Amino acid sequence: MEFTRKFSAFLSLTCVIICIKVPGPVGGYLYKNRYSGDQVFRIIPSNVKEVRTLKKILGHMKVDFWQPNSASLIHQNVTVDVHVRHNDTQGLHALLKKESIDCWVFISNLQMEIERLMRYRSSRKRRSETQYDYEVYHSLEEIQSWMFAMNRTHSDLVDTFSIGKSYEGRPLYVLRLGKRSRPQKKAVWIDCGVHAREWIGPAFCQWFVKEAINSYHYDSVMTRLLNQINFYIMPVFNVDGYHFSWTTDRFWRKTRSKNHKFHCRGVDANRNWKVKWCEEGASSHPCDDTYCGPFPESEPEVKAVAKFLRKHKKRVKAYISIHAYAQMLLYPYSYKYATIPNFDCVESAAHNAVTALYSAYGVRYRYGPASTTLYVSSGSSIDWAYRNGIPYAFAFELRDTGHFGFLLPESLISPTCTETMRAVKAIASDLLKKCKIDKKKFPYI
């Protein structure tokens with residue numbers, strides 16, 4: 001009888017531990033089975049007529065644009081990836097077939113794909129309870145706990161602090177990484193998780209910190225970088241949206257601010273910067289994924305980062321923002337087709353970065369001005385950073401090119417972060433070299 005009672009107590013404790021360790025959303029199905037039967041279509045319009053027809057079809061249908069961000073950005077011979085609700089899949093198939101527009105389904109059941117990826121995470125997490133696993137995606141709470149743990153265990157290189165609060169009141173934590181050798185060191189800013197559903201971003205920011213610390217004493221390049229540069233790293237820029245993407249909507253993109261006139265929530269944090277705000281490539285409608293907000297820096301997250309960068313702009317020499325997906329390295333301008341004054345320096349740094357990235361696994365990245373390499377967008381962070389005197393401003397679009405989309409498997413975290421690490425190290429190394437910039441032209445745009 002005593003044994004039975006003790007065994008029952010043991011089972012209860014085990015159950016509590018397991019329940020605490022459940023990653024992300026809980027319940028019979030993840031995200032309450034909201035994606036059951038949903039599909040992701042890949043469509044490629046081959047001529048102007050098909051572009052016009054596709055814009056019209058998708059404009060009348062409630063779809064979630066994965067690539068590009070909105071119907072207005074659909075162009076001839078450019079891939080369009082859209083997440084379609086289960087009750088619209090057959091209708092879209094029929095319409096595209098009728099118009100003879102090429103398409104195929106690359107995710108046939110979105111719910112099953114999410115469940116499969118989270119099962120992999122659960123099994124891996126159980127195998128490594130004692131160590132922080134950098135090869136799984138982590139919730140906001142786990143990432144913030146990790147930041148303070150790094151501060152405690154590596155106080156000679158790491159300092160964690162808050163630069164403000166989000167719309168929902170969450171602290172906006174930044175981690176300073178570098179040897180405390182002299183006060184006026186050059187600095188590099190890296191942010192991840194601007195768009196909530198791009199989970200590979202926060203995974204990279206954590207990976208970068210881990211690799212930098214672990215290699216500091218034996219990698220001469222990293223030793224030099226941390227001795228001469230301070231890296232300001234923000235693993236999760238859009239904390240409210242990222243949390244929401246774990247608990248409620250895996251494919252949420254925007255912030256979570258409320259709009260008094262519409263039920264739609266959130267602003268695109270990469271269209272909210274005070275540079276050509278709310279012009280081409282941004283939407284003034286609160287329900288759109290590229291909504292620019294009611295005014296520049298309306299989002300407390302954007303305002304806090306802008307304030308920090310303004311304060312330290314004399315020392316910040318590079319701004320790097322990590323996004324997904326497309327396998328690209330982008331630099332200004334985003335809002336117009338024109339060449340930046342220090343093009344030769346930035347182009348050289350970009351070339352060196354993608355070459356270093358390719359050396360890891362042979363993965364090819366396109367690089368160039370955002371407007372011509374990806375699409376035109378206004379109110380972006382890289383244009384803002386450049387306009388405010390930061391000479392090297394880059395946005396990475398990490399893996400892949402659409403096979404997995406925003407559901408990049410955790411098995412690809414390590415190779416993706418390893419190759420991106422090489423690219424970021426190359427950019428930072430270029431900062432320590434002399435590159436002539438025409439100061440009469442820079443930073444006017």
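**The space and its surroundings**

Guide: The largest pocket holds about 950 Å³ of space. The model is a predicted one: local features need pLDDT of at least 70 and side-chain atom pairs pLDDT 80 or more, while totals for chains, interfaces and linings use all residues. Numbering starts from 1 along each chain as its sequence is written, and side-chain values use heavy atoms, without hydrogens or water.

Now the terms. On a 1 Å grid over the protein atoms alone, a pocket is an open set of points with protein on both sides within 12 Å along at least five of seven lines; a cavity is a set where a 1.4 Å probe fits but cannot get out; lining residues have an atom within 4 Å of a point. Points are joined across faces, edges and corners, and volume is the space filled by probe spheres set on them.

The lining of the largest pocket counts 31 residues. Nearest its centre lie Lys62, Val63, Asp64, Cys287 and Asp289. Two elements give two or more residues each: α2 (48–59) and β2 (63–67). Elements are DSSP runs numbered from the N terminus: helices are H or I of at least four residues, strands E of at least two. β2 gives the largest share, 3 residues. By class, the lining has 11 nonpolar, 9 polar and 11 charged residues. Here Ala, Val, Leu, Ile, Met, Phe, Trp, Tyr, Cys and Pro are nonpolar, Asp, Glu, Lys and Arg are charged, and the others, Gly among them, are polar.

The largest cavity has a volume of about 250 Å³. β2, β9 (316–324), α12 (381–387) and β12 (392–398) each supply at least two residues of its lining. That lining has 24 residues, with Asn270, Arg271, Leu374, Tyr375 and Glu397 nearest the centre. They split into 11 nonpolar, 9 polar and 4 charged.

The second largest cavity holds about 120 Å³. Its lining includes Tyr31, Trp199, Arg250, Phe406 and Glu410. The classes are 10 nonpolar, no polar and 2 charged.

Next, the loops. Most residues other than glycine have a negative phi, and most peptide bonds are trans. The loop between β2 and β3 (80–84) contains Pro68. The Gln67 to Pro68 peptide bond is cis, omega near -5 degrees. Asn77 lies in the loop between β2 and β3 too. Its phi is positive, near 60 degrees. Asn77 counts as exposed because its relative accessibility is 52%. The scale uses a 1.4 Å probe and protein chains only: buried is under 20%, exposed over 50%, partly exposed in between.

The loop between β9 and β10 (328–331) contains Tyr325. The bond from Ala324 to Tyr325 is cis, with omega near 5 degrees. Gln327 is found in the loop between β9 and β10, and has a positive phi of about 60 degrees. At 13% relative accessibility, Gln327 counts as buried.
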